[in-house]
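Keep the 3D view open as you read.

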Amino acid sequence: MQPYLKIPDPLHRHALTRLLLCDHPLAVEQLRRRRFSRGRIERQRRLCRFCRLAIEDEVHALFGCRTNDRLVAVREDFLDTLFRLNPALRVIFFSAPATQFVDYLVNHAETLKLFAAYVYQVFCIYDEVPMFIPST
Ligand SMILES: [Zn+2]
């Protein structure tokens, strides 16, 4: 059994499972699945609904976008808590690729629940605003 399946809060467990299985509300995935009358929307055009500057993917939503104030606030809370818990994580966060950082968070019991709660919060913030659908 995957460690993340033991996360007690069902909403947090579900959010993390969606992230790990690429079954999440972000445009990079949602617009990949949709077909429009004018055809597919290519990956590079699946832009963030908040900043419309970057592809709305997992890394951008979790660690990149700085346009939405609530998103920035929950990220700062999450990282502050994380770095207080384990100061070495600051080094990983600022030096390793985001995927490696996420891999660490998911595979350590001390960070797993915290990260799942954060993913849940981020998905909720994205869910509140309609996705950006580029015109032709
Ligand atoms: Zn953005």
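## Aromatic pairs

Searching the whole structure turns up ten aromatic pairs. One of them joins phenylalanine 78 and tyrosine 118, whose rings are stacked, with 4.2 Å from centre to centre and 0 degrees between the planes. Phenylalanine 78 belongs to helix α4 (residues 69–85) and tyrosine 118 to helix α7 (residues 109–127), so this pair ties together parts that lie 40 residues apart in sequence. Please bear in mind that this is a predicted model.

Are these two partners buried or exposed? Phenylalanine 78 has a relative accessible area of 4% and is buried. Tyrosine 118 is buried as well, at 1% relative accessibility.

## How α4 meets α7

The axes of α4 and α7 come within 10 Å and cross at roughly 175 degrees. Angles over 145 degrees count as roughly antiparallel, and α4 and α7 are therefore roughly antiparallel to each other.

Which residues make the contact? On the α4 side they are Arg70, Leu71, Val74, Arg75, Phe78, Thr81, Leu82 and Leu85. From α7 come Glu110, Thr111, Leu114, Phe115, Tyr118, Gln121, Val122, Ile125 and Tyr126. Sorted by class, the contact of α4 with α7 has eleven nonpolar, three polar and three charged residues.

## Salt bridges in and around α2

Now for the charged side chains. The structure holds eight salt bridges. In one of them, the side chains of arginine 32 and glutamate 29 meet at 2.6 Å, N to O. Both residues lie in helix α2 (residues 27–33), three residues apart, which is about one turn of the helix.

Arginine 43 forms a salt bridge with aspartate 57, and their closest N and O atoms are 4.0 Å apart. Both residues lie in the loop between α2 and α3 (58–64), so the pair ties together parts that are 14 residues apart in sequence. Arginine 43 is partly exposed, with a relative accessible area of 41%, while aspartate 57 is buried, with a relative accessible area of 16%.

A further salt bridge brings together the side chains of glutamate 76 and arginine 66, at 3.7 Å, N to O. This pair links distant parts of the chain, with glutamate 76 in helix α4 and arginine 66 in the loop between α3 and α4, ten residues apart. Glutamate 76 counts as partly exposed, at 42% relative accessibility. Arginine 66 counts as exposed, at 55% relative accessibility.

## Back to α4

Key:
Residues numbered from 1 in each chain as written. Predicted model: local features only at pLDDT ≥ 70, side-chain atom pairs only at ≥ 80, totals over all residues. Heavy atoms only, no water. Phe/Tyr/Trp six-rings, centres within 6.5 Å; stacked < 30°, edge-to-face > 60°. Helix = DSSP H or I, 4+ residues; strand = E, 2+ residues; numbered from the N terminus. Buried < 20%, exposed > 50% of the residue type's maximum accessible area, 1.4 Å probe, protein only. Axes fitted to C-alpha atoms, helices over the stretch in contact; angles between N-to-C directions. Parallel < 35°, antiparallel > 145°, perpendicular 65-115°, else oblique. Contact = heavy atoms within 4.5 Å. Nonpolar A, V, L, I, M, F, W, Y, C, P; charged D, E, K, R; others polar.
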